[in-house]
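This report covers a pocket, a cavity, helix packing and some backbone details. Please keep the sequence and the 3D view open while reading.

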Amino acid sequence: MEENSCLRQAKCRAKGGAAGFKVAILGAAGGIGQPLAMLMKINPLVSVLHLYDVVNTPGVTADISHMDTGAVVRGFLGQPQLENALTGVDLVIIPAGVPRKPGMTRDDLFNINAGIVRTLCEGIAKCCPNATVNLISNPVNSTVPIAAEVFKKAGTYDPKKLLGVTMLDVVRANTFVAEVLGLDPRDVDVPVVGGHAGVTILPLLSQVKPPCSFTQEETEYLTNRIQNGGTEVVEAKAGAGSATLSMAYAAVKFADACLRGLRGDAGVVECAFVASQVTELPFFASKVRLGRQGAEEIFQLGPLNEYERIGLEKAKKELAGSIQKGISFSKK
């Protein structure tokens, strides 16, 4: 009797309770993964939500599956279930990996997270090669090139569908600029280009909407705070974690934009770290137009002021090393 009950529960609404997309979160039981999974369960564009991790997925799945929203939730535990988690998925979101601790740079995370990303991307190449991939695992400046090399090796690489998530930099920039201007952050749009670590994060404050101007002191304060927002949270949490909640919010904001693009909505534009010809570097974060094929158009940087031009050169120098580090790891 009990077995039949479990069977009925597992089969229940197997086709999904809502019209929409099939989304997988890899690393769903972690500090970013759990709030990310919860927020994706609320998203009306998600019909089926697959939660994968190497530990604790059954509990997270049971908890989130009780929410009365349309998406059907299924959990997958450990490497043997990775392929089942990925089969037929439209969008893969990857927050998997270890978080930053006080005193750690994003590059200190590299050796652990690089291996995790490589393994997960090998699964994607095999089971859902046409899926759009949102890569959150740090250091993004290096993990996106690693993912690209894995997909190239498998013969499945589509540069338009591999997107490094830099949305948290944009979210922070909107918030911090709004504080200085005395505006609602939802009314502010700050393009943030370059990469996703330290000086590679370049907010284009001369292009803020609504149009405004900043003193040199304000420009330096804002740029510095946006670049070091992650460190601000790591230090405030004092060993208890990194920016998990704001990262989950930013990841869902970006995933929602990707899903609207997949649906065919017009004019969906966000910043992301992608294969790019905007600079001489093979990858770069800038505004992209999201559509059914992923990043369908990559926008140029537009006019920069002198402060931004100097910042861009610093960003490119740092970014070049991080990208090469990822490519070199993939050749091992």
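## The largest pocket

The lining of the largest pocket splits into 18 nonpolar, 15 polar and four charged residues. Here Ala, Val, Leu, Ile, Met, Phe, Trp, Tyr, Cys and Pro count as nonpolar, Asp, Glu, Lys and Arg as charged, and the others, Gly among them, as polar. The model is predicted: local features need pLDDT of at least 70 and side-chain atom pairs count only at pLDDT 80 or more, while totals for chains, interfaces and linings use all residues. Residues are numbered from 1 along each chain as its sequence is written, and side-chain values use heavy atoms, with hydrogens and water left out.

The pocket holds about 620 Å³ of space. Its lining has 37 residues, and Pro95, Ala96, Gly97, Val98 and Pro99 lie nearest the centre. Strand S2 (46-53), helix H5 (110-127), helix H7 (167-181) and helix H9 (229-237) each give two or more residues to this lining. H5 gives the most, with four residues. Helices (H or I, at least four residues) and strands (E, at least two) are DSSP runs, numbered from the N terminus.

Pockets and cavities are found on a 1 Å grid over the protein atoms alone. A cavity is a set of points where a 1.4 Å probe fits but cannot get out. A pocket is an open set with protein on both sides within 12 Å along at least five of seven lines. Lining residues have an atom within 4 Å of a point. Grid points are joined across faces, edges and corners, and a volume is the space filled by probe spheres set on the points.

## The cavity

How many cavities of 30 Å³ or more does the structure hold? There is one. The largest cavity has about 80 Å³ of space.

Its lining is made up of Ile124, Cys128, Pro129, Ala131, Val133, Phe151, Thr156, Tyr157, Asp158, Lys161 and Leu162. By class, that is eight nonpolar, one polar and two charged residues.

Two packed helices are described by the angle between their axes and the distance between the axes. Axes are lines fitted to C-alpha atoms, for helices over the stretch in contact, and angles run from 0 to 180 degrees between N-to-C directions. Angles under 35 degrees count as roughly parallel, over 145 as roughly antiparallel, 65 to 115 as roughly perpendicular and the rest as oblique.

H7 and helix H10 (residues 245-263) have axes that come within 8 Å and cross at roughly 110°. The two helices are therefore roughly perpendicular. On the H7 side, Met167, Leu168, Val171, Arg172 and Asn174 make the contact (heavy atoms within 4.5 Å). Their partners in H10 are Ser246, Met247, Tyr249, Ala250, Lys253 and Phe254. This contact has seven nonpolar, two polar and two charged residues.

Helix H2 (residues 33-42) also packs on H10, at about 40° with the axes 8 Å apart. That makes the pair oblique. The crossing is right-handed; a crossing is left-handed if the near helix is turned anticlockwise from the far one by less than a right angle, and right-handed if clockwise. Pro35, Leu36, Leu39 and Met40 of H2 touch Leu245, Ala248, Tyr249, Ala251, Val252, Ala255 and Leu259 of H10. The class count is 11 nonpolar, no polar and no charged residues.

## H5 against H11

The axes of H5 and helix H11 (residues 306-330) come within 11 Å, crossing at roughly 60°. This pair is therefore oblique. Its crossing is right-handed.

Phe110, Ala114, Gly115 and Arg118 of H5 meet Lys325, Gly326, Phe329 and Ser330 of H11. Three of these residues are nonpolar, three polar and two charged.

## Backbone details

Which peptide bond is cis with omega near -5°? The bond from Asn138 to Pro139. Pro139 sits in the loop between strand S5 (132-135) and helix H6 (140-154). The bond from Lys209 to Pro210 is also cis, with omega near 0°. Pro210 lies in the loop between strand S8 (201-203) and helix H8 (216-227).

Asn56 has a positive phi, near 65°, in a residue other than glycine. Asn56 belongs to the loop between S2 and helix H3 (57-65).
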